[in-house]
Amino acid sequence: MKKVLIIGAGGVGGVVTHKCAQVPEVFSEIVLASRTLEKCKNIRDQIDRPIEIAEVDADNVPETVELIERVEPDLVLNVALPYQDLSIMDACLSTGVDYLDTANYEPPDEARFCYKWQWDYQDRFKDRGIMALLGCGFDPGVTNIFCAYAGKHHFDEIHIVDIMDCNAGSHGHPFATNFNPEINIREVSAKGRYYENGKWIETDPLSVHKPFDFPEIGEKEMYLMYHEELESLVKNIPTIKRIRFWMTFSEAYLTHLRVLENVGMTRIDPVIYEGCGVIPLKFLKALLPEPSSLGANYTGKTNIGCMIQGIKDGKRKKYYVYNVCDHAEAYKEVNAQAISYTTGVPAMIGAKMMLTDLWKGEGVFNVEEFDPDPFMSDLNKYGLPWKEIFYD
Ligand code: NDP
């Protein structure tokens, strides 16, 4: 019987709250806090269980500490934005409470994806006797666990990993992003990067692409990008010789993005406009639909998985493990589209792993460091069933 404090009432926060509410035997009390109380109220009103709500600015450490001290949760589940990761980790250190998130810290003025800032908390979390679980969404998150599962059950050595993220859904807007627009556009417009034979190789944004025939979806063009799980997987699975991350985009999305970039709307440095400093990307976010509002008319499916190659019993082996998630089904269940759903469900399962002591530790961890089996079994149970293909 445990109490969870969820911070962030956006698309993912809504799903996490719904999913925690579905598991009362673990999450006996749920508190949802965010910057805008109205958004917490809206989520609370969708759920048939008492949910306490609170307003918090999680950039403000003393304010977050005060909230944690008042609520006394067993775990803080951070689904606000990557900018808040360090301040919420500081608040957890100060109060001695475990921490979980779904995206690595990013400094607001620099689009750089790297675990160093959070891995640097290792000794402080260890000395305090508490645990931080980083990147427990789908990618990062389930994709890391797919690799750990493959390593445990199907390979003696993993050599090559291609993580492939396909959203073949349609939300009906000319341009919208499936998770926080600011974070999404920073990620997509950054340089690509992959790891090969001990080196990181950089590519121009979206310059490397190829088609892939996604099961249950069909052929889609996918683009090489940098994604944070590459960094932790290279560290935690040292036999990896090459690892890359691919994401599909529609032509319409890419055309809009190109225009926005060309006119300067994706800049993250302040521009002086009528005497005020305006950050174009933040202004653009204010114009675009909220990810949490996209669900109602979303149709189609996502397919996210890992194509893994390596050695088993002296023979080369190739294996694909993936999940397919239907936008409309997700909306029917929790009022959210599949991207929020595929992130929120693993965040709930990760919290469940921690609160039931199946995953235990002191310090800062990535998900692939724990036994993947109970997590994989919960994915089947809580809405994200996975499938495997074995190639000859
Ligand atoms: P949204 O923009 O829909 O929601 C973010 C929420 O955080 C909003 O409610 C926002 O409040 C709140 N928030 C922002 N700043 C603060 C603050 N200082 N204090 C308190 N609350 C704050 O984003 P998503 O729900 O789509 O994404 C949430 C997180 O999930 C992001 O970190 C994203 O990167 C991550 N993610 C991870 C994925 C994965 O697979 N690992 C995939 C998709 C997303 P307000 O409404 O007032 O702005």
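1. L81 sits in the loop that runs between strand β4 (75-78) and helix α4 (85-95), in what is a predicted model. With 20 C-beta neighbours inside 10 Å, L81 counts as buried, because the cut-off for that class is 20 or more. Once its neighbours within four places in sequence are left aside, L81 is in contact with N180 and I183. L81 and N104 are separated by 23 residues in sequence, and their C-alpha atoms lie 9.2 Å apart in space.

2. Apart from neighbours within four places in sequence, the contacts of A190 are with A111, P205 and Y226. Between A190 and G11 there are 179 residues of separation along the sequence, and the distance from C-alpha to C-alpha is 23 Å.

3. The packing of two helices can be followed in some detail. In general, a pair of packed helices is described by the angle between the axes and by the distance between them. Here the axes of helix α8 (residues 181-188) and helix α11 (residues 280-287) come within 9 Å of each other and cross at roughly 130°. That angle is why α8 is described as oblique to α11, and the crossing of the two helices is right-handed. On the α8 side the contact is made by P181, E182 and I185, while α11 contributes L281, K282, L284 and K285.

4. Some backbone values deserve a check by eye. P140 belongs to the loop between β6 (131-134) and α7 (142-153).

5. Positive phi values are the next topic. E274, a residue other than glycine, has a positive phi near 45°, and its place is in the loop between β13 (271-273) and β14 (276-278). E274 has 5 other C-beta atoms within 10 Å, so this residue is exposed. D313 is likewise not a glycine and has a positive phi, of about 50°. The loop that holds D313 lies between β15 (301-312) and β16 (315-326). D313 counts as exposed because it has 7 C-beta neighbours inside 10 Å.

6. The chain as a whole gives the setting for these points. It contains 14 helices and 18 strands, and its C-alpha trace spans about 55 × 55 × 40 Å along the principal axes. For 392 residues, a compact globule would have a radius of gyration near 21 Å, and the 20 Å of this chain agrees with that expectation. Of the 392 residues, 48% count as buried. Among contacts in the chain with a separation of 6 or more, 70% are accounted for by residues 24 or more positions apart.

Note on methods:
Residues are numbered from 1 along each chain as its sequence is written. This is a predicted model: local features need pLDDT of at least 70, side-chain atom pairs count only at pLDDT 80 or more; totals for chains, interfaces and linings use all residues. Axes are lines fitted to C-alpha atoms, for helices over the stretch in contact, and angles run from 0 to 180 degrees between N-to-C directions. Helices (H or I, at least four residues) and strands (E, at least two) are DSSP runs, numbered from the N terminus. Angles under 35 degrees count as roughly parallel, over 145 as roughly antiparallel, 65 to 115 as roughly perpendicular and the rest as oblique. A crossing is left-handed if the near helix is turned anticlockwise from the far one by less than a right angle, and right-handed if clockwise. Two residues are in contact if their C-beta atoms, placed from the backbone, lie within 7 Å. The radius of gyration is taken over C-alpha atoms; the globule rule is 2.2 Å times the number of residues to the power 0.38. A residue is buried if 20 or more other C-beta atoms lie within 10 Å of its own, exposed if 12 or fewer, and partly exposed in between; C-beta atoms are placed from the backbone.
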